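Reader: I'm new to reading protein models. Could you walk me through a few features, one at a time?

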Amino acid sequence: MKTTWLVTVASVVLANAAWAGPAPEWRGYGGDEQHNAQAPVAAQSLAHLHWTTPVDLHPQNQGGELLIHYAASMITAANTVLVPVKTGTSGGFRIEAHNGATGALIWLRNSKYVLPPHDWTPSFPAHLTAQNNLVFAGPGGLVDERKTPDSAKGKEIELAFYGLANYKADKAAYDANVMISTPLTADNAGDVYFGFVITGATPANLSSGVARITPDGKGTWISAGKAAKDSSMTEVAQNCAPAISQDQSTVYITISNGSSGYLVGLDSRTLKPKYRATLKDPSSGELAWVFDDSSASPTIGPDGDLYYGVLENPFPNHDDRGWLLHFDSTLSKKKTPGSFGWDDTVSVVPASAVPSYTGTSSYLLMTKYNNYYEGGPDGDGHNKIAILDPDATQQDEYSDATVMKEILTILGPTQYPGEPPGSVYEWCINSAVVDPISQAVIANSEDGHVYVWSLVTNTLSQVLDLNLPEGEAYTTTIIGPDGTIYAVNNAQLYAIGN
């Protein structure tokens, strides 16, 4: 959903030789550690609802809106769907494992994870490693790991980035004052990265920052101020999933002071700072707004370029659209931005998936492209999704900036009641799955439907009714190893296919 509430209030490379099994099909937010969100196989059709299960047992509707970021489900190569579920009104989480074909429950595991301080409810941090181990957040900044997630029973271990012995020596202090504050991301060796927040004193003298845990439990961390080389920075941007370069050498994440900040690149082994880019509004030149209510996370393109969404400053001079900032891999070169960035993580589209494309880029970007009604001086409610060329330019329709060229756009199909003609329901997506084989994108809308956007015909070629219209923080779409489509809408996970 738009920010009015906030402002007015590539294949997996297995690096662990001991693992001989197939890699997971969908590891977590954005699908892989670069957040490219590309499907492993062609999608089934939107013909039938196979099964559904709640992702929130107690949804909290606030003025007609669900202000919570539901975590992305994960899918193993054996087609086990691992679903993060909120169990209480203001917290409480568990992981459920479901048979992807039937929806049958295989196992569930409660977590003692405690949410960090927040406005909109953050997602429950969980991830599936390349070695097919499930990792998810526990209390006190712990990461719980479950082996063999396809089986009803599996060995579990606890990992602490500041040392498990330290945690056991004073559980109360760590449980009260240390919280994981971002989704988890694992590299191909099984090393897990995340942001964490510290709310009080700890025996290990921790400060909010970025952590890494190896599969054998060795931890490393760096404070937010040191990661950004700026002592005024106090946190990792909440909900910002770390992204890892294709060569596995650099982890990218956003550091902020709660309102502005930096995109940083850290050494993936030591977490020592390597690169840094100040996040600025490309039109005004002012510091861009980085808000914890956003789920925007870095996407790494096949050429190593970085893409990250921010809000405009002054707000809402760009109609509450924000900007998609674009940098080279060293974050030293600012490139052409995209004309939308609020609460969105762009997906990578092979240029070959768009038959009408005649440019020179090897890949394109799929992005939400809402233009919220009364969101700013030109807010008209013409809410779209778009395919952009990161290397070509055009004049921005809503500012004096030069932005990425629009290759395809499509307007939401459903008129919003009470607004002028052409004002449609928002596209409700923060990471949309791209199906290069079928040359399509699958996206949710707040009108209660999921759509297939054909990149061949530039039409909404398929649609399925899921539920009544519902305003909500943005959600994900996924495709499993058998082509089943998974969409989160109105606190439910829907499994859809032939």
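Reader: Which residue of β37 stands opposite T477?

Author: Strands here are DSSP runs of E, at least two residues long, numbered from the N terminus, and two of them pair if DSSP finds at least two bridges between them. In this predicted model, T477 stands opposite A487 in β37. Strand β36 (residues 475-479) runs antiparallel to β37, and 3 bridges join them. The two form a hairpin with 5 residues between them, and G483 in the turn has a positive phi of about 90 degrees.

Reader: And how many bridges join β37 to β38?

Author: There are 5, and this pair is antiparallel too. I485 stands opposite I496 in β38. Here the hairpin has 2 residues between its strands, with N490 in the turn at a positive phi of about 50 degrees.

Reader: Why is β37 (residues 485-489) described as largely enclosed?

Author: Look at accessibility: buried means under 20% relative accessible area, exposed over 50%, and partly exposed in between, using a 1.4 Å probe and protein chains only. In β37, 5 of the 5 residues are buried, so the rest of the structure largely encloses this strand. Both faces are covered: I485, A487 and N489 lie on one side, Y486 and V488 on the other.

Reader: How many salt bridges does a search of the whole structure find?

Author: A salt bridge needs a side-chain nitrogen of Lys or Arg within 4 Å of a carboxyl oxygen of Asp or Glu. The search finds 10. One of them joins R94 and E96 at 2.7 Å, N to O; R94 is buried at 18%, and E96 is buried at 5%. K368 and D344 also meet, at 4.0 Å. That pair links distant parts of the chain, 24 residues apart: K368 sits in strand β27 (residues 363-369), D344 in the loop between β25 (334-338) and β26 (347-350). K368 has a relative accessible area of 0%, and D344 has 4%.

Reader: What is the mean pLDDT of the protein?

Author: pLDDT is the predictor's confidence in each residue, from 0 to 100. The mean is 95, and 96% of the residues reach 70 or more. Over residues 4-20, though, it is below 50. Where pLDDT is low, the predicted coordinates should not be read in detail.

Conventions: Residues numbered from 1 in each chain as written. Predicted model: local features only at pLDDT ≥ 70, side-chain atom pairs only at ≥ 80, totals over all residues. Heavy atoms only, no water. Helix = DSSP H or I, 4+ residues; strand = E, 2+ residues; numbered from the N terminus. Contact = heavy atoms within 4.5 Å.
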